[in-house]
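Please open the model in your viewer and keep the selection panel at hand. The tour below goes stop by stop, saying what to select and what is found there.

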Amino acid sequence: MIGDDEKVHGALCDELARLNGTGFTVAEFGATGATVFRVRRDEHGTPQPKLRRLTAADLAGHDAFYRAYAPAFIATTSAGLPAEVSELLPGADGVPVYDCPTPLETHLLAAIRDSPLVLGYELAVLKRVPAGRSGAGRIYLSGHHLFPPGVRRGDRVKVMVRCEPTDGDGTAFAVLTRDQRPDVAPNSQELRPFQIQSAVLPAGSHELTAVLDRPGHVLLEGLPAQLGTSARSWNELCSLVPQQLAAQDPVHLVCLIEVCGGDQDLRLRIDRLEELISEAETGARQLLVSVIAYGPHAVAWSVTEEPIAVQAWLASSAEAVAGLRRLAGRRPDEREYRRAAQLECALREIAAHLTDDYGRPVLVTAGGRPAHPRALDTDTLLIPCPDWVNWVPEFNRLAVLPGIAFGALRDRRWRGDIWQALGRDARATVDDAVNMTDFAADLGLLQVAQPVPFPFID
Amino acid sequence: MTDATSRSEPGIAMLGATGSGKSTFLGALQIAFTLQARDWRLWWRDAASREALIGMNTALVSEGKFPLPTSGIDTFDWILRREVERTERTGWFRTQTFTESVEVTLKLADPSGEITGSGQQGGDPRERLVEHLTTSQGILYMFDPIREHKDGDAYDKTYSLVMDMITEAAREPGFDGKLPHHVAICVTKLDDPRVFKTAAELDVLDWDEDHPLGFPRVLDSDARVLLDKLCEISRNGNADVVPKLFEQYFHAGRIRYYVTSSVGFMVNKRTRRLDVRDTENVYRMASGRSLVRSPVHPVNVVEPVRWLVERSVPSARVPLP
């Protein structure tokens, strides 16, 4: 009897290195009986052991055992073998027998874990047909090389991918091999995934690190969300690959907030707009946010005019929220005009600067006072705008911007026709419970996105 | 050049409902003389009158606030003085120029609106008011068309007072049923958009191209037309009885109508002129107090006072520049 754990490991590594289509078998004789492990490579080249405990019939004859299983070697894990198992031990010129206290399965898994890849591993990615070729610009599914054959566990590689906005099932990260039939061009070889995970990730570029954990398992690290099991099968994912990306224009959310009145009313408006920004942020599209604050016009020479204040412009959600919060705590002047606010001038300011260059505009106004009229109005007796601005043409200038949507988060006692116009597509009362998901959906901020199941690689 | 001074104490009483602008009118009076008739000077002889004049003036000009409504009767002894150059023939070939100082004591009574009402008959302040009205030579009557539009109680406030005056006057021998006073009926708040719009629709706004602020005015000859129109739209429709009441119990030739604005029109801060799209110069704040929006430039405040003074003191009757 020869052997020890190290020799068993070495023998298994030798067998794995030689492993081809027919596979190999090793046997373990122990106190409770005999077990054989049949090892074959799967379609990805990963050694897969199959265990079989031998029954009394299998142990019926020495020759029959060797004809049936032809083990490359036998590991004995106990000195006291049952008689029917001892009878199966080979003669001096037979297969090697190792005295190995560690279970053979443990040795086998360790050897497989340390074995090199025999097929290259790739990440399923989307690419576009390059310009100048037939179907230029069309999207197709392909593989991006991660690990070539011969690589062992612990190897790592960084990959920059770009995630497009997609639906709620997120982006799938599939590791695969190719069916390397020599009669098929590489680009046409079948992609065979062995690991599919997914996560809802922010749209944009992400650098991931692929770490070879063992043959048949790759760790994908560095993404902003934890990957989990994909809810979709490979076939489903493949069927969702679009030929082209639908227009997923980014959105420019403009929050127009009235600062008039007491701080309690103002905080309500701030809170509601914060909720909306948060809702829009999960809308799986690129989002830019602007915040503009407006108050009343100065009603008298002795009152200082409070100009329209741009708290944030084309900013991130976080910057916009910070801009909103800075408005809290405003102390109104006793001489402040109480019956209107310079909404007409705020609209003029926005109309002068807002374009669809940075995304589909969505204008949401939080407040409740009417605009100052353009001129004397003996019905309402509202003091006119000192610049004689008329809100109607300013609103109309905005309304012709492609795709623009208008939402109003109105105070309970809102007044003026302007609020009907500003709430054209969505409206809610700030001091009621607002279903912000519905509100955002009405403005197209939560538009169901086109599924783009895999990341792009540029 | 010689100097002579004539003095008279005509006594001018003010009438009008609560909030009709009596105190504001008085507060604007000195500003109006300063801006429009600098040859007239207004001052006082007693501390109470001084306090009242300075208080009202400061509130309007410096603080942009309105004088608080009067409670009871405030009586101010204010003195109006002007110097007039006169040239008189003193012989066949000789003339002499001398300056005549005309000094008029204004005994202005500003009663609270409450004590003018019919429900106040017999009270002590009420009796003092009737006595003051009866002994005054002129009456400034403030007709607030906006108040009339809302409350419509001008007739109620005026009728019983006039009847009380008749009762007093009837004790004098030879009373012919008409009170002897001169009455300046001032239609107030021309800057209010509703009054202004009505005037514009009646085409009674007289535009002086040389006015530095571009203010229009309503000529005295058109004032009654505007008053009639404003009375038509008053709440209870009785407002037109008020001028008729005056015309019935006062001599028609001693009644004159004025359209006034104590604080004047809103002056646009950028153009420094009136813009007809925003005329009102008053804003009522959350506290209920009113704020003057732009500098005070009274409209037709000097004119009714000057007319009453000139009627009482003929020597003061010199055309204003």
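How much area do chain A and chain B bury between them, and what share of it is on carbon and sulfur atoms? The two chains bury about 2100 Å² between them, with 60% of it on carbon and sulfur atoms, where buried area is the accessible area (1.4 Å probe) that two parts lose on being put together, summed over both. The size of an interface is often given in this way, as the accessible area lost when the parts come together.

Before going on, note that this is a predicted model, in which local features need pLDDT of at least 70 and side-chain atom pairs count only at pLDDT 80 or more, while totals for chains, interfaces and linings use all residues. Residues are numbered from 1 along each chain as its sequence is written, chains are lettered from A and ligands numbered from 1 in the order in which they are written, and side-chain values use heavy atoms, with hydrogens and water left out.

**The interface**

Select Trp301(A), Leu376(A) and Trp388(A), which together supply 38% of the area that chain A buries against chain B, more than any other three residues. In terms of contacts (heavy atoms within 4.5 Å), 20 residues of chain A meet 24 residues of chain B.

Next, select Asp387(A) and Arg270(B), whose side chains meet in a salt bridge at 2.4 Å, N to O. A salt bridge here is a side-chain nitrogen of Lys or Arg within 4 Å of a carboxyl oxygen of Asp or Glu, and by that rule one is found across the interface of chain A and chain B.

**Chain A**

Among contacts in chain A between residues at least 6 apart in sequence, 70% join residues at least 24 apart.

Select Phe29(A), Phe65(A), Tyr66(A) and Tyr69(A), which form one aromatic cluster. For the pairing rule, rings of Phe, Tyr and Trp (its six-membered ring) pair if their centres lie within 6.5 Å, and planes under 30 degrees apart count as stacked, over 60 as edge-to-face and the rest as tilted.

Move to Arg410(A) and Trp414(A), where the charged end of the arginine sits over the ring of the tryptophan, 4.1 Å from its centre. Such a placement requires NZ of Lys or CZ of Arg to be within 6 Å of the ring centre and within 35 degrees of the ring normal.

Then centre on Pro250(A), in the loop between α5 (234-239) and β14 (251-258) of chain A. Pro250(A) counts as partly exposed because its relative accessibility is 23%. Leaving out residues up to four places away in sequence, Pro250(A) touches Gln286(A), Tyr358(A), Gly359(A) and Arg360(A).

**Chain B**

Switch to chain B, with nine helices and 12 strands, where 54% of the 321 residues count as buried.

How many aromatic pairs does the rule count over all chains? The count comes to 15, and one to select is Phe196(B) with Phe265(B), an edge-to-face pair at 5.5 Å centre to centre with 80 degrees between the planes. This pair links distant parts of the chain, 69 residues apart, with Phe196(B) in helix α6 (residues 193-201) and Phe265(B) in the loop between β10 (255-259) and β11 (282-284). Phe196(B) and Phe265(B) are both buried.

Lys189(B), in the loop between β7 (182-187) and α6, has a positive phi of about 65 degrees although it is not a glycine. Is Lys189(B) buried or partly exposed? Lys189(B) is partly exposed, because its relative accessible area is 29%.

Finish at Asn300(B), in the loop between β12 (290-292) and α9 (302-312), where phi is near 60 degrees, a positive value in a residue other than glycine. Asn300(B) has a relative accessible area of 3% and is therefore buried.

Definitions and conventions:
Helix = DSSP H or I, 4+ residues; strand = E, 2+ residues; numbered from the N terminus. Buried < 20%, exposed > 50% of the residue type's maximum accessible area, 1.4 Å probe, protein only.
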